[in-house]
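Here are a few friendly notes to read alongside the model. Take them in order, with the sequence at hand.

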Amino acid sequence: MDSLASISEELADIEGQINDILRALSNGFQKLEKIKDTNRRSRQLEELTDKMRECKRLIKDFDREVKDLEGGNDSNTNKMLSERKQAMIKELNSYVALKKQHASTLDNKRIDLFDGPGENYGEENVLLASNMTNQQLVDRGNKMMDETDEAIERSKKVVQETVNVGTETAAALKAQTEQMSRIVNELDSIHFSLKKASKLVKELGRQIATDKCIMALLFIIVLGVIAIIIVKLVNPNNKDIQDIPGLAPPAQSRKLLWNSG
């Protein structure tokens, strides 16, 4: 395990799982030997079969991982990995053979349980046929054929109904798939529209901010002009304040001619 971990943690993990299953198989078959009840033996054998299937799947995963790493490993490492895989396959095959042996024994026991009534039933059929005339035998045979034909027709109907249900299900799934595709396209359109609307809102916000700055600047300029006008009107002789272009200077006080004389 440690040597595999140095090569690949994935390989080490898979080998650990395989070893756990092989130990469980060993303990399971030992337990199976002690079980006498046929039904319990059958259930135990089914559980062991499931474990063998899982072990086979993990060995395939192990083999795929080895092949993926084969190019980057040296020949000794590849040989060691191949030997480990073969050892796991050999051990699994031994459990498969053991499972077949127990299954065969279990089937033989089941046959022994049902052989008695079957023989008596066959003898009763022979006695019943020996007491029937040829016409009765023919009628009996025709009746059995009719019953077989009816059973076949019922089976055909069941198959046809199953096919119809499958066709309807496939059509419904196709319709749902198309509907989902349309929904996805609509969601894409909505997402695009939302992005575009968000962009427009941001641009509008920037324009509003710019307009507010311009209005504030104009308002300040107007206030400055009004202030200058007021100062000029209050103190027209103040030389520190320049005349506003377009605004006439304040009228000079005129002296009368007779006052000058």
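1. First, a term: helices (H or I, at least four residues) and strands (E, at least two) are DSSP runs, numbered from the N terminus. Residues are numbered from 1 along each chain as its sequence is written. This is a predicted model, where local features need pLDDT of at least 70, side-chain atom pairs count only at pLDDT 80 or more, and totals for chains, interfaces and linings use all residues, while side-chain values use heavy atoms, without hydrogens and water.

2. The chain has six helices and zero strands. Of its 261 residues, 16% count as buried (under 20% relative accessible area; exposed is over 50%, partly exposed in between, with a 1.4 Å probe and protein chains only).

3. Helix H3 covers residues 38-69. Its 32 residues reach 47 Å from first C-alpha to last, close to the 46 Å expected at 1.5 Å a residue (the expected span is 1.5 Å times one less than the number of residues). Asp-37 caps the N-terminal end of H3, with a side-chain oxygen 3.3 Å from the backbone nitrogen of Asn-39.

4. Now look at Ile-221, which lies in helix H5 (residues 134-234). Why does Ile-221 count as partly exposed? Because its relative accessibility is 46%.

5. An unreviewed UniProt entry annotates residues 214-234 as "transmembrane region"; such annotations may be inferred rather than shown by experiment. In the model, the span 214-234 is 100% helix and 0% strand, and its end C-alpha atoms lie 30 Å apart.

Technical notes
Polar contact = N/O pair within 3.5 Å; in protein donor to acceptor, adjacent residues only side chain to side chain.
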